Amino acid sequence: MPDVELSFLAYLRGRCRSLPSIHLGIGDDAAAITPNEKLQLSCTDQIIDGVDFLSSEHALKDAGYKSVAINVSDIAAMGGIPKAALVTLTLPVENSTKIAGEVYEGILEASKKYDIAIAGGDISTYDGPLAINVCLLGEVAENKIWRRSGASENQAIMITGAVGGSLLRRHLRPEPRIELAQELQTLVEVTAAIDISDGLSLDLDRLCAASGVGAELYTDRIPIHSDATKLSESSGRSPFQHAWSDGEDFELLLTMSQQDADLIALQRPDLGVTQIGTTVGRTGLWRKHDRKLERLPPQGYMHQGTTNTDNQANIKQNETSKK
Ligand SMILES: [Mg+2]
């Protein structure tokens, strides 16, 4: 056990909040969590220096924050709320305690914001780059869980917020749509959901594939983030292309009945949830052009071990078409 772990246990015990459902948190060989009648959700995501962020350019606090927030986005996409996290830091030997401290500043900030208890984890050092792994536990009522596979034909395809251009620093401080998802739970019946981590078109294609449907998109209604417009000035790509294929937006794609979509449009335009299409029986992504359906190839970030996060020309615009 490296020294950093011993000193960190004391530090963490003092700083990590607990929750009533955490029977035992940091300090024992395993955390003990009191079960309840809901379904437990679990997800995990790891970010690595040089792959998902650059410690030479990004604050380690932001990397810590992001490691929690991206998992919160996955819980949001299931319609649930986060509860407890297990955090594993794999630290370079040099400056390990300082690095751990900076990373934890962000982890603690995000866990406070999203009401998450740090229930345990592990810290080790090695001769390699910083890796931050968060395993997040959450919960959702059984009849309220959202899945990728629940969409059927003739349902509305909705998107939260606006997409594209997250590379202009938004990707460092993702804002998962957990509150909005919970609000939607009370308003409408979401039939399928996914969060946008790898690009609007790629993640929509995944949802459609899981549901066995296709999508007819109203491409002019896709909300394009101002960052996409800004980025297009130097990238040589259009704002739409950024919105279509940039990753790390952490917005949600949802399907619901047309009636529910109309209800949101009429009664809650303030939510910023926009209908961008309709599910169709013919698989694939489509748009109507001159009264004919034209196929749109999904594009986005395919995970394949790239080495430079900030070079979105490499990573996020690695336009690999799935089909
Ligand atoms: Mg996801």
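In the predicted model, Ala 32 touches His 23 and Leu 24, residues up to four places away in sequence not being counted. Ala 32 belongs to strand β2, which covers residues 32-33. Ala 32 counts as exposed because it has 11 C-beta neighbours inside 10 Å, and a residue with 12 or fewer is classed in this way. Separation along the chain and separation in space can be set side by side for Ala 32 and Leu 60, which are 28 residues apart in sequence and 29 Å apart from C-alpha to C-alpha.

Confidence in the prediction was examined for the protein and for one stretch of it. The mean pLDDT is 90, and 91% of the residues reach 70 or more. Over residues 305-323, however, the pLDDT is below 50, and this stretch has 34 contacts in the model beyond near neighbours in sequence.

The protein is divided into domain 1 (3-143) and domain 2 (146-295). Their C-alpha centres lie 28 Å apart. The contact between the domains takes 15 residues from domain 1 and 17 residues from domain 2. On the side of domain 1 that touches domain 2, helix α2 gives the most, with 10 residues. By class, this side of domain 1 has nine nonpolar, three polar and three charged residues.

The largest nonpolar core contains 84 residues, of which Val 68, Ala 85, Val 103, Ala 193 and Leu 253 touch the most other members. Helix α2 (residues 60-77) supplies the largest share of this core, 10 residues. At least three residues of the core are drawn from each of domain 1 and domain 2. The surroundings of Val 103 illustrate the packing: apart from residues up to four places away in sequence, Val 103 touches Leu 60, Ala 63, Gly 64, Leu 89 and Ile 132.

Arg 148 is found in the loop between β6 (131-140) and β7 (156-160). Arg 148 is partly exposed because 19 other C-beta atoms lie within 10 Å, whereas a buried residue would need 20 or more. Leaving aside neighbours within four places in sequence, Arg 148 is in contact with Ala 192, Ile 194, Arg 206, Leu 207, Ala 210 and Ser 211. The C-alpha atoms of Arg 148 and Val 190 are separated by 11 Å, although the two residues are 42 places apart along the chain.

Helix α8 (residues 258-267) has Asp 260, Ala 261 and Ile 264 as its buried residues. Viewed down the axis of α8, these residues fall within an arc of 105°, and they therefore line one face of the helix. The buried residues of α8 pack against β7, α4 (178-187), β10 (252-256) and β11 (273-280). On the other side of α8, Gln 258, Gln 259, Leu 266 and Gln 267 are exposed.

Positive phi values were found at two loop residues, Glu 248 and Asp 290. Phi of Glu 248, a residue other than glycine, is near 60°. Glu 248 is located in the loop between α7 (239-245) and β10, and it is buried because 24 other C-beta atoms lie within 10 Å. Asp 290 is likewise not a glycine, yet its phi is about 50°. The position of Asp 290 is in the loop between β12 (284-289) and β13 (292-295). With 5 other C-beta atoms within 10 Å, Asp 290 is exposed.

Notes. Residues numbered from 1 in each chain as written. Predicted model: local features only at pLDDT ≥ 70, side-chain atom pairs only at ≥ 80, totals over all residues. Core = buried A, V, L, I, M, F, W, Y, C linked by C-beta atoms within 7 Å. Helix = DSSP H or I, 4+ residues; strand = E, 2+ residues; numbered from the N terminus. Domains from an automatic or database assignment. Contact = placed C-beta atoms within 7 Å. Nonpolar A, V, L, I, M, F, W, Y, C, P; charged D, E, K, R; others polar. pLDDT = per-residue confidence, 0-100. Arc of directions from axis to C-beta.
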